[in-house]
Amino acid sequence: MSCAAPKAPAGEEKKTSWPEVVVKSIEEAKEIILKDMLDADIDVLPAGSAMTRDFRANRVRIIVDTVTTTHSIG
């Protein structure tokens, strides 16, 4: 199995990462990724999660490492 990046239409380079979504919500990140890669199979995982090491050209993993709720005392 090849680990080469997926082929893009002539004259275009296929994106393989989306650094512009780092500060976005999960839903915003998914929307941006799907605009660039219509067939993306997006997995959302907490930082430190176990992951398979197999290569799938249409899989995009969003690793979440943020506090998503407000914590309070009591």
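Predicted model: local features only at pLDDT ≥ 70, side-chain atom pairs only at ≥ 80, totals over all residues.

Trainee: Which secondary structure elements does the chain have, and how do they run?
Mentor: The chain has 1 helix and 2 strands, in the order α-β-β from the N terminus. Helices (H or I, at least four residues) and strands (E, at least two) are DSSP runs, numbered from the N terminus.

Trainee: How many of the residues count as buried?
Mentor: Of the chain's 74 residues, 14% are buried. Buried means under 20% relative accessible area, exposed over 50%, and partly exposed in between, with a 1.4 Å probe and protein chains only.

Trainee: Which residues make up the largest nonpolar core?
Mentor: This core has 9 residues: Trp18, Val21, Ala29, Ile33, Met37, Ala40, Ile42, Val60 and Ile62. The elements giving two or more residues to this core are α1 and β2 (59-64). A nonpolar core is a set of buried Ala, Val, Leu, Ile, Met, Phe, Trp, Tyr and Cys residues joined through side-chain atoms within 4.5 Å.

Trainee: And what does Val60 touch?
Mentor: Leaving aside neighbours within four places in sequence, Val60 is in contact (heavy atoms within 4.5 Å) with Trp18, Ile33, Met37, Ala40, Asp41, Ile42 and Asp43.

Trainee: New topic: how much space lies in the largest pocket?
Mentor: The largest pocket holds about 620 Å³ of space. Of its 27 lining residues, Ile33, Val60, Arg61, Ile62 and Ile63 are the closest to its centre. Strand β2 gives the most to this lining, with 6 residues.

Trainee: What counts as a pocket, and how is its volume found?
Mentor: On a 1 Å grid over the protein atoms alone, a pocket is an open set of points where a 1.4 Å probe fits, with protein on both sides within 12 Å along at least five of seven lines; lining residues have an atom within 4 Å of a point. Grid points are joined across faces, edges and corners, and the volume is the space filled by probe spheres set on the points.

Trainee: Back to β2, then: is Arg59 buried or exposed?
Mentor: Arg59, which is found in strand β2, counts as buried because its relative accessible area is 14%. Beyond four places in sequence, Arg59 touches Asp41, Asp43, Thr52 and Asp54. Its side chain reaches the backbone oxygen of Asp54 at 2.3 Å.

Trainee: Where is Lys15, and what does its side chain meet?
Mentor: Lys15 lies in the segment before α1 and is partly exposed, at 32% relative accessibility. Its side chain makes polar contacts with the side chains of Glu20 (2.7 Å) and Asp36 (3.5 Å). A polar contact is a pair of N or O atoms within 3.5 Å; within protein, one must be able to donate a hydrogen and the other to accept it, and residues adjacent in sequence count only if both atoms are side-chain atoms.

Trainee: How far apart are Lys15 and Asp36?
Mentor: They are 21 residues apart in sequence and 7.3 Å apart in space, C-alpha to C-alpha.

How values were computed. Residues numbered from 1 in each chain as written. Heavy atoms only, no water.
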